[in-house]
Amino acid sequence: MDASAAIPDPAAVERAGRRIRRRIRALEVLSAIVWVAAAAAVTRLHLPPPVRIAIAFSPSIPLAWCALAFWRARKHLDEFGRRVLIEGAAFAFAALLPALLIYVMTQNADIGAPEVGPAIVFVYALIAYAVGVWFALRRRP
Amino acid sequence: MKNRLRVLRAEREWSQGDLAVRLGVSRQTVNAVETGKYDPSLPLAFKIARLFEKSIEEVFQFEAGAANGASAPGEQ
């Protein structure tokens with residue numbers, strides 16, 4: 001193997017990775033802003049039904065864009081990056097499923113448990129994913 | 001699993017980023033392998049060994065009992 005053949009500049013590779021991460025974070029922030037704005041608009045403003053429907057669906061556009069950027073970025077990950085991503089997602093799934101089950105059971109039991117909106121579930125899943133990634137980056141085989 | 005990646009890299013005065021680019025992986029992956037947080041796949045282990053012109057055993061040393069009590073070849 002010729003180790004010196006066509007070696008790209010490490011700084012350029014690092015810069016490209018940073019650019020992809022920045023783009024995904026910007027899209028995440030945009031999704032959150034659109035979501036909050038849309039939620040406020042549909043609950044506080046008196047708008048005709050077609051406009052309300054359009055606003056209700058509007059957060060899905062930046063979110064889909066974000067998901068697409070995430071999917072494209074996944075292709076650039078190496079084996080360690082994929083493992084971290086998969087373990088983060090697996091941790092989020094494992095943390096979310098029992099919590100949702102307990103929530104549904106407490107609602108069915110009608111014991112006065114507080115109602116939780118989808119926003120809380122989404123934030124909970126994101127936090128669980130971040131915790132899963134944190135564990136995956138630190139655990140030893 | 002122990003490895004001599006840091007030593008081999010230092011001998012060639014390569015940074016983690018330099019090695020990562022040569023291997024086609026991220027700097028985080030090189031760091032995780034060096035610190036023992038990640039055992040590379042067989043293809044990546046071969047790639048590392050070939051890059052340093054060593055055998056896999058010269059770069060990576062299996063620690064008996066580290067992986068589910070499995071024993072190294074020849075150990076009984």
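Tutor: The model is predicted, so local features need pLDDT of at least 70 and side-chain atom pairs count only at pLDDT 80 or more, whereas totals for chains, interfaces and linings use all residues. Residues are numbered from 1 along each chain as its sequence is written, chains are lettered from A and ligands numbered from 1 in the order in which they are written, and side-chain values use heavy atoms, with hydrogens and water left out.

Student: Why does Gln16(B) count as buried?

Tutor: Buried means under 20% relative accessible area, exposed over 50%, and partly exposed in between, with a 1.4 Å probe and protein chains only. Gln16(B) has 13% relative accessibility, and therefore it counts as buried.

Student: What makes the pair Gln16(B) and Glu34(B) a polar contact?

Tutor: A polar contact is a pair of N or O atoms within 3.5 Å; within protein, one must be able to donate a hydrogen and the other to accept it, and residues adjacent in sequence count only if both atoms are side-chain atoms. The side chains of Gln16(B) and Glu34(B) make such a contact at 3.1 Å.

Student: Why is Asn3(B) called buried?

Tutor: The relative accessibility of Asn3(B) is 18%, which means that Asn3(B) counts as buried.

Student: Which backbone atoms does the side chain of Asn3(B) reach?

Tutor: The side chain of Asn3(B) reaches the backbone nitrogen of Leu5(B) at 3.0 Å. A polar atom of that side chain also lies 2.8 Å from the backbone oxygen of Val33(B).

Student: Which residues are in contact with Asn3(B), leaving aside its neighbours within four places in sequence?

Tutor: Contact means heavy atoms within 4.5 Å. On that basis Asn3(B) is in contact with Val33(B), Glu34(B), Val59(B), Phe60(B) and Gln61(B).

Student: How many residues does the contact between the chains take from chain B and from chain A?

Tutor: It takes 21 residues from chain B and 16 residues from chain A. Val21(B), Lys37(B) and Tyr38(B) supply 39% of the area that chain B buries against chain A, more than any other three residues. Buried area is the accessible area (1.4 Å probe) that two parts lose on being put together, summed over both.

Student: How many salt bridges are counted between chain B and chain A?

Tutor: A salt bridge requires a side-chain nitrogen of Lys or Arg within 4 Å of a carboxyl oxygen of Asp or Glu. The count between chain B and chain A is zero.
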